[in-house]
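Welcome! Let's get to know this structure together through a few questions and answers.

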Amino acid sequence: MNLVDTTEGTPQGGIISPVLSNIALNGIESVVKKAFPLRKGISPGVHLIRYADDMVITGRTEQMVKEAKRIVETFLEERGLHLNHKKTHVTHIMNGFDFLGFNIRRMKRRLQYNELNDQDTVLIIKPSKKSLDKFKDKVRSIIRRASPFLRILKDINPVIRG
């Protein structure tokens, strides 16, 4: 294994990475809120949800989301940061999106599954395909080690509890 000194950046997955993200992005929510203020106590329907450097912006219209995205880009540029355009996209909630290992989307309501709900759609949140594949790969690798059964159980239980 070769170690190479770096002159910039933070190690991905390092302990300090989320702390630095939170420091750099502190205030981003209030900037978006200020751009979309309450009117007569009613929310305009734009919200920013953030966990360290991962974020989702929701809005009532595509134009509102694009304006909030522009505000976020300006906020980031002032700090020498930028959005990862490979990971950034605008989509309708009916098409769904992945966030923090979960797939979030709305679906048309089906009476046999959602009879207690009177809305036209229901919100579905489930593990993303990528997360499920990663989980299955971990379980497979533990089982393939050909260890004694009790060792497999000991290794697999923390993965299942997750």
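**A first look**

A nonpolar surface patch of about 350 Å² is formed by Ile16, Val19, Leu20 and Ile23. Patch members have over 30% relative accessible area and no salt bridge, with nonpolar side chains (Val, Leu, Ile, Met, Phe, Trp, Tyr) joined within 5 Å; a salt bridge is a side-chain nitrogen of Lys or Arg within 4 Å of a carboxyl oxygen of Asp or Glu. Areas come from the Shrake-Rupley method with a 1.4 Å probe, and for residues only the protein chains shown count as cover.

This is a predicted model, where local features need pLDDT of at least 70 and side-chain atom pairs pLDDT 80 or more, while totals for chains, interfaces and linings use all residues. Residues are numbered from 1 along each chain as its sequence is written, and side-chain values use heavy atoms, leaving out hydrogens and water.

Q: Is Ile23 buried or exposed?
A: Ile23 sits in helix α1, residues 16-25; helices (H or I, at least four residues) and strands (E, at least two) are DSSP runs, numbered from the N terminus. Buried means under 20% relative accessible area, exposed over 50%, and partly exposed in between (1.4 Å probe, protein chains only). Because its relative accessible area is 60%, Ile23 is exposed.

Q: Is Ser128 buried or exposed?
A: Ser128 lies in the loop between β5 (121-127) and α4 (129-144). Because its relative accessible area is 3%, Ser128 is buried.

Q: Which residues is Ser128 in contact with, leaving aside its neighbours within four places in sequence?
A: Contact means heavy atoms within 4.5 Å. With those neighbours left aside, the contacts of Ser128 are Asp98, Gly101, Phe102 and Asn103.

Note on methods. Patch = residues over 30% accessible without salt bridge, like charges linked within 9 Å, V, L, I, M, F, W, Y side chains within 5 Å.
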